[in-house]
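Trainee: I'd like to go through this model with you. Can we start with what holds the middle together, then look at the helices?

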Amino acid sequence: MSVKKESTLLEDLNQALAGETLAAFRYLYLSKIANGISSLPLATMFQEIAREEWAHASAFMGRIVQLGGVPVSRPAEMEKRSFLSYSEPPRRGNDLKALVKDGLKLERASIEFFQKLALKTRDSDMITHKMAMDVLAHEAGDEQKLAALLD
Ligand SMILES: [Fe+2]
Ligand SMILES: [Fe+2]
């Protein structure tokens, strides 16, 4: 792999790490603020997704280190480098639809990002390619689960 290609790949992987870390935080936040009579299953779902996003962050951090790169290490940097620019999460925990839509926006941005990463690495880096495809499948699953709630 050329040096230029490799640094672009590390930059992409750091964007993935930042985005997934913030996603884990955001879902945890959503799970805690969700309230109201029918909020329990949604809070549980958000908590499960938060755990999943954290596992994605772990995979990308591990890959960055394997490739000799330096993972993003400061929270402020996460906000700058995430594949989805960070906005304040919803405030009203009883508006469950708004919470679901917030998650959907995140999943759709993730899907777009990982589709691109999977394509970029298809012929150059099988390991990262497989990782991007696996995460992409998870995000698509999250997207479907959340979208179904709004039907
Ligand atoms: Fe994820
Ligand atoms: Fe997700």
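**Core and helices**

Mentor: The largest nonpolar core has 34 residues, and Leu-17, Tyr-27, Phe-46 and Phe-60 have the most contacts inside it. Such a core is a set of buried Ala, Val, Leu, Ile, Met, Phe, Trp, Tyr and Cys residues joined through C-beta atoms within 7 Å. Buried means 20 or more other C-beta atoms within 10 Å of a residue's own, with C-beta atoms placed from the backbone. This is a predicted model: local features need pLDDT of at least 70, side-chain atom pairs count only at pLDDT 80 or more, and totals for chains, interfaces and linings use all residues. Residues are numbered from 1 along each chain as its sequence is written, while chains are lettered from A and ligands numbered from 1 in the order in which they are written.

Trainee: Which element gives the largest share of this core?

Mentor: Helix H1 (3–33), H2, H4 and H5 each give two or more residues to the core. The largest share is ten residues, and it comes from H1.

Trainee: How far apart are the end C-alpha atoms of H2?

Mentor: Helix H2 covers residues 40–66, 27 residues in total. The expected span is 1.5 Å times one less than the number of residues. So H2 should span 39 Å, which agrees with its end C-alpha atoms, 39 Å apart.

Trainee: Are H4 and H5 roughly parallel or roughly antiparallel?

Mentor: The axes of H4 (residues 96–121) and H5 (residues 126–150) come within 8 Å and cross at roughly 155 degrees. Angles over 145 degrees count as roughly antiparallel, under 35 as roughly parallel. Therefore H4 and H5 are roughly antiparallel.

How values were computed: Axes are lines fitted to C-alpha atoms, for helices over the stretch in contact, and angles run from 0 to 180 degrees between N-to-C directions. Helices (H or I, at least four residues) and strands (E, at least two) are DSSP runs, numbered from the N terminus. Angles under 35 degrees count as roughly parallel, over 145 as roughly antiparallel, 65 to 115 as roughly perpendicular and the rest as oblique. A residue is buried if 20 or more other C-beta atoms lie within 10 Å of its own, exposed if 12 or fewer, and partly exposed in between; C-beta atoms are placed from the backbone.
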